[in-house]
Amino acid sequence: MTLRLRVLVLAGSVAVLAAVALAAVLHASARADRRDRARPGGPEIASGRVTLTAHGTMVFRSTAWGPHRDELTAVPAADPSGPRTPSGVTCLRFHAAAGTGVCLQAVHGPVSDTYRAVVLDAHLHVTRRYDVPGIPSRARVSPSGHWAAWTAFVGGDSYAGTGFSTRAAIVNIVTGELIGSLESFRVVEDGRTRHAPDRNFWGVTFAPDDRTFYATLATGGRTHLVHGDLRTRTVTILRANVECPSLSPDGTRIAFKKRVPGLPADAPWRLYVLDLRTGRETPLAERRSVDDQAVWKDTRTLVYALPGDYGADLYAVPSDGTGAPRRLSTAAVSPAFLP
Amino acid sequence: MYVADSRAGTPAPASADGAVRHPAGRRRAAVAPTVLALGTVSLITDVSSEMVTAVLPLYLVAGLGLSPLGFGLLDGIYNGFSAAVRLAGGHLADRGGGRHKWVAGFGYGLSALCRPLLLVAHALTPIGLVLAADRTGKGLRTAPRDALISLSSSPESRGRAFGVHRAMDTAGALLGPLAAFWILRVTVDGYDAVFTASFCVAAVGVLVLVLFVPGGPARPTAAPAQPPTSTSTSTSTSTQPPAPSPSPSPAPAPSSAPIPAARPTLRAAAGLLRGRELRGITVCALLLGLATVSDSFVYLLLQRRLGVPDRWFALLPLGTAAAFLLLAVPLGRLADRVGRRRVFLAGHGALLAAYTLLLASWHGPALPYAVLLLHGGFYAATDGVLMAAASETVPESLRSSGLAVVQTGQALARFACSMLFGAAWTLWGDRTALLASTAALAVCAAWCFVSLRPARETAA
């Protein structure tokens with residue numbers, strides 16, 4: 001082949017491949033326009049203000065198509081599929097309690113997206129900001145509104161790197177003090193300090209006493225439920241195979257996702273409730289694999305997200321293992337119930 | 001020492017691999033066209049692969065809603081497989097018939113085909129398999145590609161040739177994430193667009209290789225396998241007559257009889273390590289690899305010991321890459337002038353300095369920059385330079401196998417190091433683990449300084 005021919009072949013191929021790539025980008029970018037238009041049959045939009053002190057409301061991230069996609073949105077807790085009141089605040093993950101919210105956001109930078117956590121007051125004004133070192137995963141505010149926690153996935157940085165780790169941070173909202181990673185806490189097992197290799201923490205949940213929390217600790221290929229103490233900066237291993245714990249409002253039970261043997265590797269979890277006094281585990285009526293940190297709507301009902309047509313849908317199931325799951329709301333994630 | 005290219009006295013056969021040919025009287029070409037073509041292929045391929053790498057964590061977590069923990073569990077098994085693939089690629093490429101190009105091309109093609117597969121793989125297991133296939137392609141192509149670079153450059157400019165190639169490669173790695181995040185910015189959940197575009201880019205890379213990297217029938221075993229009688233002045237390859245046509249011409253039969261030891265059989269490849277020179281370099285690469293803390297640990301140490309804020313964490317690899325990009329060519333040229341082994345060892349000196357800075361109790365604002373500069377400099381002084389140094393010790397007919405042996409030794413040693421370092425970190429904490437690595441690096445470097453005896457090296 002002559003040089004001229006080779007250059008022509010290359011130029012022709014590059015033109016075709018560039019057209020394919022451009023078409024793919026345009027197709028994906030047209031998706032943005034489609035998703036910014038509300039769909040017929042989608043949730044109704046109500047006008048009003050969203051506050052974190054409005055009793056009997058559920059505040060969540062709405063993923064419904066339309067101009068308010070990904071905004072914090074409020075609905076009456078008694079009518080979760082009713083008209084949605086948008087707030088104008090965009091979050092990836094969210095949680096709130098006692099008039100305080102934590103919202104994990106993407107920040108579009110010149111090179112790549114970065115992430116941050118913002119603390120919101122009752123009127124959704126930002127009171128504090130923190131950098132988040134990876135892709136946000138879980139968010140929680142303590143029942144008192146004095147503490148918040150979040151988990152991020154930190155990806156590998158080598159060529160085709162496949163190693164991931166998690167970073168769980170806890171912040172004292174009152175003083176602003178940030179505990180950047182729970183890895184700085186001492187790990188105790190059977191009364192002795194355990195030098196845990198490859199520690200990973202995620203899924204923090206707080207008790208009402210502003211001192212106790214629970215979380216998942218993964219080490220040596222196993223996950224554990226840990227009891228944390230914010231004063232002594234220790235975590236104590238309680239039991240194995242517990243992920244994303246969620247403490248009930250009365251502090252007696254923990255809802256969690258459990259890896260059940262025999263399930264496919266991509267959908268390995270079932271929702272369980274652990275009674276902290278008796279140590280008994282109760283499987284819930286939801287038979288699908290749930291990859292979420294459930295929230296307690298009240299002392300008898302758990303709410304969690306499952307993949308849906310527009311991102312995710314919210315479901316509710318009784319916490320005592322009876323009944324059946326029921327869909328609360330479509331196109332919604334990260335709910336917080338304001339009692 | 002083997003000096004495969006010092007064919008003083010024998011009329012050199014026309015290079016089938018596009019060695020630097022410059023007509024008498026013309027200014028010496030900066031870098032062989034083949035090296036530029038391979039550099040372009042690597043640049044384009046790295047844009048493509050880094051596009052995927054940059055968005056993969058986000059895609060798994062935000063796009064697919066998967067929990068990516070435990071994803072790296074198979075890394076250990078995979079590293080062993082990858083080593084085998086690398087050696088196989090190196091050996092296959094040596095088996096004559098201009099296979100370097102086609103083995104490398106197969107590797108590039110395999111990786112390119114993995115991109116559209118990502119569009120249909122929606123669960124962790126298939127995605128893991130696609131990534132494994134991608135890395136198999138990378139393992140296959142590396143040694144034949146480096147052998148092509150080595151065979152197509154004159155011995156006295158090999159450091160520069162590898163430097164140019166590595167700089168182009170790194171430039172691609174820097175551009176890839178920019179392209180990927182630009183696509184994500186102008187789209188919504190545009191991962192499909194990223195993967196499609198990444199495939200198109202990779203296909204261009206394969207095309208450039210097929211169209212512009214000369215393959216052709218490789219010359220039969222032309223390399224003398226016995227030690228040269230004189231020091232290598234190696235001017236023969238650079239005074240070859242210009243090739244009449246741009247397409248590679250079949251090589252004329254060599255005037256020298258084929259030497260059995262250099263015939264590209266599996267046994268010859270396995271026997272390479274009996275050669276003192278290659279063994280020396282491989283052992284050094286291995287020992288130094290055992291004391292080379294993996295990048296992710298360096299960035300973690302930077303963050304923990306020097307207090308680099310979280311929001312800069314993702315940008316730390318860019319610092320290393322930028323320094324690598326800027327220093328690869330100058331250090332490659334320096335290696336040609338003062339000796340490759342010397343620069344290779346000096347590169348580890350830079351790494352030693354980086355470790356020392358990480359250990360220092362003084363925390364100035366410039367310290368992270370200095371560490372990243374030294375870290376990038378370490379790569380610039382060692383990555384391509386090691387290949388240039390190893391090239392001197394392997395006959396042409398076994399070049400790809402020989403380079404594969406060195407690369408594999410180094411890769412396995414680095415993998416072992418990251419396991420050991422991880423364990424040491426857990427047991428003793430980051431400072432002690434780093435202190436141990438620093439000491440190990442200093443000892444290994446000293447040992448290599450003596451055993452490689454750079455003074456004996458024939459600098460061009």
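How many helices and strands does chain B have? Chain B has 14 helices and 0 strands; helices (H or I, at least four residues) and strands (E, at least two) are DSSP runs, numbered from the N terminus.

This is a predicted model, in which local features need pLDDT of at least 70 and side-chain atom pairs count only at pLDDT 80 or more, while totals for chains, interfaces and linings use all residues. Residues are numbered from 1 along each chain as its sequence is written, and chains are lettered from A and ligands numbered from 1 in the order in which they are written.

1. Chain B overall. Of its 460 residues, 58% count as buried (20 or more other C-beta atoms within 10 Å of a residue's own; exposed means 12 or fewer, partly exposed in between, with C-beta atoms placed from the backbone). Among contacts in chain B between residues at least 6 apart in sequence, 87% join residues at least 24 apart. Two residues are in contact if their C-beta atoms, placed from the backbone, lie within 7 Å.

2. α5(B) with α10(B). Helix α5 (residues 158-186) and helix α10 (residues 316-338) of chain B pack at about 170°, their axes 7 Å apart. This makes α5(B) roughly antiparallel to α10(B). Axes are lines fitted to C-alpha atoms, for helices over the stretch in contact, with angles from 0 to 180 degrees between N-to-C directions; under 35 degrees counts as roughly parallel, over 145 as roughly antiparallel, 65 to 115 as roughly perpendicular and the rest as oblique. The residues that meet include Phe162(B), Ala167(B) and Leu174(B) in α5(B), and Phe324(B), Ala328(B) and Leu331(B) in α10(B). By class, this contact has 14 nonpolar, 4 polar and 5 charged residues (Ala, Val, Leu, Ile, Met, Phe, Trp, Tyr, Cys and Pro are nonpolar, Asp, Glu, Lys and Arg charged, and the others, Gly among them, polar).

3. α5(B) with α6(B). Helix α6 (residues 191-212) of chain B packs on α5(B) at an angle of about 145°, with the axes 9 Å apart. Ala180(B), Ile183(B) and Leu184(B) of α5(B) meet Ala193(B), Val194(B) and Ala197(B) of α6(B). The contact has 6 nonpolar, no polar and no charged residues.

4. Handedness. The crossing of α5(B) with α10(B) is left-handed, and that with α6(B) is right-handed. A crossing is left-handed if the near helix is turned anticlockwise from the far one by less than a right angle, and right-handed if clockwise.

5. The β8-β9-β10-β11 sheet of chain A. This open sheet of 4 strands has antiparallel pairing; two strands pair if DSSP finds at least two bridges between them. Its edge strands are β8 (135-141) and β11 (178-179), each pairing on one side only. β8(A) and β9(A) (residues 147-154) are joined over 6 bridges, and Arg138(A) stands opposite Thr151(A) in β9(A). Helix α1 (residues 33-63) of chain B lies across β8 and β9 of chain A, at about 45° to β8(A).

6. β2(A) and its partners. Strand β2 (residues 71-76) of chain A has 5 of its 6 residues buried, so it is largely enclosed by the rest of the structure. β2(A) runs antiparallel to β1(A) (residues 57-62) over 5 bridges, with Val59(A) opposite Ala74(A). Another 3 bridges join β2(A) to the antiparallel β3(A) (residues 85-90), where Thr90(A) is the bridge partner of Glu71(A).

7. Val450(B). This residue is found in helix α14 (residues 430-452) of chain B and counts as exposed, with 8 C-beta neighbours inside 10 Å. Val450(B) and His363(B) are 87 residues apart in sequence and 34 Å apart in space, C-alpha to C-alpha.
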